Structure formats: C-alpha cells, structure tokens
Amino acid sequence: LCLTINGDSLAIVGENRKMLVFSMSEVPEMVRGKGVRLQRYKDGGVVDARTFAIDQGLTWQDTAERTFTRSKDELAEWVGARASAGRTVPKGFPRTGKFA
C-alpha cells in the first residue's frame with residue numbers, strides 16, 4: 001500500500017470491516033525493504049486507507065455518491081494506537097470498504 005500523505009492522521013479499513021484512526025506520527029520511517037504494521041487482523045488484510053487532517057474530519061462517499069464527514073469528536077471511538085484492531089466502520093460507510 002502506497003499513499004501520498006495529506007494531513008496528520010491515517011484512517012485504515014480492513015477486510016473485517018473494522019476501521020482504525022491514528023496519528024501519522026506513530027508511523028516510523030523505515031529503511032528500504034522493511035514494513036510496519038498499521039492494523040491488526042485475525043484474518044484478511046487492508047481494503048483501503050486514507051490520510052487526512054483530523055481537525056477537518058474524515059470524509060468518504062457511499063455507493064449512491066452521498067458524502068459523509070465525521071468530525072474529530074465523532075471519530076473518537078475509532079481513534080487508537082497504530083497496530084490495534086479498530087472498531088466496526090461507522091454508519092454510512094460503503095460496503096466495498098473503500099473511502100471513495
């Protein structure tokens with residue numbers, strides 16, 4: 001997974017439909033050929049991830065192209081430490097598990 005970083009936070013969704021939000025400062029800069037665990041999974045892996053500015057909130061579109069935005073306070077239950085499991089995605093999140 002390769003992302004352009006736009007903001008100070010990362011939201012990641014797994015195949016298990018769990019989302020985790022954490023600060024980009026928790027992601028260490030790694031040397032070539034190394035990796036870092038972003039989210040813990042029992043089975044499956046990453047479906048999608050998005051970087052964003054936590055003060056502006058997290059935005060996504062559903063399959064009907066409706067736009068949903070969750071503020072910093074509304075995201076509190078999904079905020080956790082990098083490499084933890086996360087919680088079930090919020091209401092209105094697309095079944096595909098993708099932000100756009």
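This is a predicted model: local features need pLDDT of at least 70, side-chain atom pairs count only at pLDDT 80 or more; totals for chains, interfaces and linings use all residues.
**A walk through the sheet and its cores**

Four strands form an open sheet with antiparallel pairing, and their order is 3-1-2-6. At the edges you will find strand 3 (46–52) and strand 6 (87–88), each of which pairs on one side only.

Next, look at strand 1 and strand 2. Five bridges join strand 1 to strand 2, and the two run antiparallel. Here A11 stands opposite V21 in strand 2. Strand 1 and strand 2 form a hairpin, with three residues between them. In that turn, R17 has a positive phi of about 60°.

V21 also leads us to the nonpolar side of the story. The largest nonpolar core has 14 residues, and M19, V21, F52, L58, L75 and F99 are those that touch the most other members. Strand 1 (9–14), strand 2 and strand 4 (58–61) are the elements that give two or more residues to this core. Apart from it lies another core, of seven residues, including L10, M24, L38 and A49.

To finish, pick out L75 in your view. What does L75 touch, leaving aside residues up to four places away in sequence? The list is M19, F52, I54, L58 and R70.

Definitions and conventions
Residues are numbered from 1 along each chain as its sequence is written. Side-chain values use heavy atoms; hydrogens and water are left out. Two strands pair if DSSP finds at least two bridges between them. A nonpolar core is a set of buried Ala, Val, Leu, Ile, Met, Phe, Trp, Tyr and Cys residues joined through side-chain atoms within 4.5 Å. Buried means under 20% relative accessible area, exposed over 50%, partly exposed in between (1.4 Å probe, protein chains only). Contact means heavy atoms within 4.5 Å.
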